[in-house]
Amino acid sequence: MPSEARLLPAPTTAPDSLRMLAHMNREFPEVPLVGVGAIIIEDARVVLVKRAHPPLQAEWSIPGGVLEVGELVREAAVREAREETGLTVEPGELLGVYDRVLRNPEQRVQYHYVLIDFLCRRVAGDLAAASDAAEVRWFTREELPALKLAADTLDVIRKGFAKLEIGS
């Protein structure tokens, strides 16, 4: 083995410590963060959460959050949906991958996410705000324009509705 090569010991970090590390540097990150979203549609309505924390604090958005180390993206969608809405979901089709880059007034990148959104089906649970959600509720398609959602959020929700109509 060359002298430059070194074997490093396996990490011994506890899962809770990994969660803490995952939450560090969300603001002004050094690298983009991977986020997942759960587009939960049932009875011609979609679940949205009102964010309790930045970014998008006090705004309606798709249930979702940051991928944790060692977690698969579909597992993350299930976890985030449960944590924010109280619902257990089954992720289905990938609806889209989106860039979310938010800049501060000096044009420095304040938040940078690559968002992976899945169409999800509720399999259990009752809707209840939890974790990072200040509020959670079902919205009809007709109610969405009044919410002033981000263009990519509205786009992926429309794709979800369209997929379900095709499958009907």
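**Ground rules.** I am working with a predicted model, in which local features need pLDDT of at least 70 and side-chain atom pairs count only at pLDDT 80 or more, while totals for chains, interfaces and linings use all residues. I number residues from 1 along each chain as its sequence is written, and side-chain values use heavy atoms, with hydrogens and water left out.

**Strands.** I took helices (H or I, at least four residues) and strands (E, at least two) as DSSP runs, numbered from the N terminus. Two strands pair if DSSP finds at least two bridges between them.

I began with β2, and asked which strands pair with it. I found β1 antiparallel to β2 over two bridges, β7 (residues 133-140) antiparallel over seven bridges, and β3 (residues 60-61) antiparallel over two bridges. For residues that stand opposite each other, I noted I41 with V46 in β2, L48 with R137 in β7, and V49 with S61 in β3. β1 and β2 form a hairpin with two residues between them, and D43 in that turn has a positive phi of about 50°. I also checked burial (buried is under 20% relative accessible area, exposed over 50%, partly exposed in between; 1.4 Å probe, protein chains only). Five of the seven residues of β2 are buried.

Next came β5 and β6, which pair in the antiparallel sense over 13 bridges. P91 has C120 in β6 as its bridge partner. This pair is a hairpin too, with five residues between the strands, and Q107 in the turn has a positive phi of about 70°.

**Cores.** I used "nonpolar core" for a set of buried Ala, Val, Leu, Ile, Met, Phe, Trp, Tyr and Cys residues joined through side-chain atoms within 4.5 Å. The largest has 22 residues, and I39, V46, L48, L144, L149 and I157 have the most contacts inside it. β1, β2 (45-51), β5, β6 and α3 each supply at least two residues of this core. Another core lies apart from it, with 15 residues, among them A77, A81, A133 and V136.

**Two residues.** Is I40 buried or exposed? I40 counts as buried because its relative accessibility is 0%. This residue lies in strand β1, and its C-alpha atom is 6.8 Å from that of R122, 82 residues apart along the chain. Leaving aside neighbours within four places in sequence, I40 has contacts (heavy atoms within 4.5 Å) that include P63, A81, L87, C120 and W138.

Q110 sits in strand β6 and is buried as well, at a relative accessible area of 19%. With neighbours within four places in sequence left aside, Q110 is in contact with residues including R26, E27, F28 and P29.

**Pocket.** A pocket here is an open set of points on a 1 Å grid over the protein atoms alone, where a 1.4 Å probe fits, with protein on both sides within 12 Å along at least five of seven lines; lining residues have an atom within 4 Å of a point. I listed 37 lining residues, with R26, R51, G64, G65 and Y113 closest to the centre. Elements that each supply at least two lining residues include α1 (15-23), α2 (73-85) and α3 (151-167). By type, the lining divides into 15 nonpolar, nine polar and 13 charged residues.

Definitions and conventions: Nonpolar A, V, L, I, M, F, W, Y, C, P; charged D, E, K, R; others polar.
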